[in-house]
Amino acid sequence: MLGTLAGVHVTNFLGLAVLLVVWIILFKFTHLLVMLLRHEPLIGWAIGPLGITIMSLHEPTAFYIWLDVVCPAVVSGTVLHLGLFTSLSPVRLPHHPLTEIITIATAVLLTSTGDVLNALRDLRYPLWGEARVLRSMQTLRATWAKVHFTPFGYSYLNDHFGANPTDLLQAL
């Protein structure tokens, strides 16, 4: 194993930084596409340090819950394989199959562990309606995300909670 680590050489630091940024952006963008694929009424969205989050009213089906885990993991693994183990790579790594498998599996595990835990939570303790909206808003508020509501979201919050989004976010 020590010989494997000795064979790692960074040839382009800027290229490595760009690869990491593209990897994270494509991973988050895949989450966004899966969420938009559901075609459900949107309450709003949030932009924060953890990326873009979409708030919807209904609990997704088990198919969409697992699709939201598998698709970003596949995109993550593909981007890393193309970025680290092809001629475009900014890092020279040993081209041993075990090295490739361990590197990609570790990175996919790093990015997808939270998704798997969220999927298991959503399957075990499903939330819908007001409880789902309040949990999402509370989580987003805790991460200092900037929350934006759709016109449907404004009317939903006014009808179900009797408050506008600003008052409701301050109460949470």
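The buried residues of helix α2 are G15, L19, W23, F27, T30, H31, L32 and V34, where buried denotes under 20% relative accessible area, exposed over 50%, and partly exposed the range in between (1.4 Å probe, protein chains only). Helices (H or I, at least four residues) and strands (E, at least two) are DSSP runs, numbered from the N terminus. The structure is a predicted model, in which local features need pLDDT of at least 70 and side-chain atom pairs count only at pLDDT 80 or more, whereas totals for chains, interfaces and linings use all residues. Residues are numbered from 1 along each chain as its sequence is written, and side-chain values use heavy atoms, with hydrogens and water left out.

Helix α2 comprises 25 residues and extends 36 Å from its first C-alpha to its last, close to the 36 Å expected at 1.5 Å a residue; the expected span is 1.5 Å times one less than the number of residues. The cover over the buried residues of α2 includes β3 (51-56), α3 (62-84) and α4, contact being defined by heavy atoms within 4.5 Å.

Helix α2 (residues 13-37) packs against helix α4 (residues 97-124) at an angle of about 35°, and the two axes are 12 Å apart. Axes are lines fitted to C-alpha atoms, for helices over the stretch in contact, and angles run from 0 to 180 degrees between N-to-C directions. The crossing of α2 and α4 is right-handed, the near helix being turned clockwise from the far one by less than a right angle. On the α2 side the contact is made by W23, F27 and H31, and on the α4 side by A107, L110, T111, S112 and D115. By class, this contact has 4 nonpolar, 3 polar and 1 charged residues; Ala, Val, Leu, Ile, Met, Phe, Trp, Tyr, Cys and Pro count as nonpolar, Asp, Glu, Lys and Arg as charged, and the others, Gly among them, as polar.

Within α3, V79 is buried, with a relative accessible area of 13%. Leaving aside neighbours within four places in sequence, V79 is in contact with L19, W23 and L26.

Beyond neighbours within four places in sequence, V133 is in contact with I43, L57, Y156 and L157.

Two loop residues other than glycine have positive phi values. H39, in the loop between α2 and β2, has a phi of about 55° and is exposed, with a relative accessible area of 70%. W144, in the loop between α5 and β5, has a phi near 60° and is likewise exposed, at 76% relative accessibility.
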